[in-house]
Amino acid sequence: MTPDRAPRHPHVAGLLLAAGGGRRLGGRPKALLRHDGALLVERAARALWEAGCARVHVVLGAAAEEVRAQAELRGCVLVDNPGWDEGMGSSLRAGLGSLAGTDARGALVSLVDQPGIGAEAYARVLDAFTGETSLVSAAYGGRRNHPVLLGAVHWAGVAAAARGDQGAREYLRRHSAEVRLVECGDVAEPYDIDTGADLGRLRPGGAH
């Protein structure tokens, strides 16, 4: 799955949070939902590669073994989060922790349940990376949403604030004056697949 071209930014890793158990979907792990012939986890990981990330770490939790067996994630670093049921914050902490000791100086964080966001939006946010102090977020009509890019200087603070399902939200709120917004509303839709009603947005068939 790794691209055959040089990354846009050799020191920015893609960090895909794909550990959720889909509690409001009747316990169907979101990573294993299918859209246009591919699993959501495959689509999101591929988009991060296509956007130009130097490496892609995928945080797994619910049904991790099934995801490993069914998903084509060649080239990705698979990170297990045994505390996935504590919420997205635990997955963000696990993912940032997995980047320790690598040459990554930034993390482009994406969520597996947002299939309306693809490589073009990821690339726009990635291109706003200027160094370890970068703090960047996609915006849709001026409103902050995913993906977000966290320079390494911010990782410890983000991890400390990431609790429950908050992820990086509280840290970004505290540091809102430092966040650079990159408008992506013309190329992506930041809807979530959270409930049974949202499943209508998924198209199971089609080609990868």
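Predicted model: local features only at pLDDT ≥ 70, side-chain atom pairs only at ≥ 80, totals over all residues.
Just after helix 1, G52 adopts a positive phi of about 115 degrees.

Helix 1 comprises residues 40-51 and lies across strand 1, strand 4 (53-60) and strand 6. Its direction relative to strand 4 is about 160 degrees.

Seven strands form an open sheet in the order 5-4-1-6-8-7-9, and their pairing is mixed. Strand 5 (77-80) and strand 9 (180-183) are the edge strands, each of them pairing on one side only. On average, neighbouring strands of this sheet are turned by 30 degrees against each other, direction ignored. Within the sheet, strand 1 (residues 9-18) pairs with strand 6 (residues 106-111) in the parallel sense, over six bridges. In strand 6, L108 is the residue that stands opposite G14.

Strand 8 (residues 143-151) contains P147, and the peptide bond leading from H146 to P147 is cis, with omega near 0 degrees. Most peptide bonds are trans, and most residues other than glycine have a negative phi. Against that background, two further backbone positions deserve attention.

The residue D36 is not a glycine, yet it has a positive phi of about 55 degrees. D36 is located in the loop between strand 2 (34-35) and strand 3 (38-39). A63, likewise not a glycine, has a positive phi of about 55 degrees, and its place is in the loop between strand 4 and helix 2 (64-70). The relative accessibility of A63 is 23%, so this residue counts as partly exposed; the class begins where the buried range, under 20%, ends.

Side-chain ring interactions complete the account. The structure holds zero aromatic pairs. A ring does, however, take part in a contact of another kind: the charged end of R201 sits over the ring of Y191, at 4.0 Å from the ring centre.

Note on methods: Residues numbered from 1 in each chain as written. Heavy atoms only, no water. Phe/Tyr/Trp six-rings, centres within 6.5 Å; stacked < 30°, edge-to-face > 60°. Lys NZ or Arg CZ within 6 Å of the ring centre and 35° of its normal. Pairing = 2+ DSSP bridges. Helix = DSSP H or I, 4+ residues; strand = E, 2+ residues; numbered from the N terminus. Axes fitted to C-alpha atoms, helices over the stretch in contact; angles between N-to-C directions. Contact = heavy atoms within 4.5 Å. Buried < 20%, exposed > 50% of the residue type's maximum accessible area, 1.4 Å probe, protein only.
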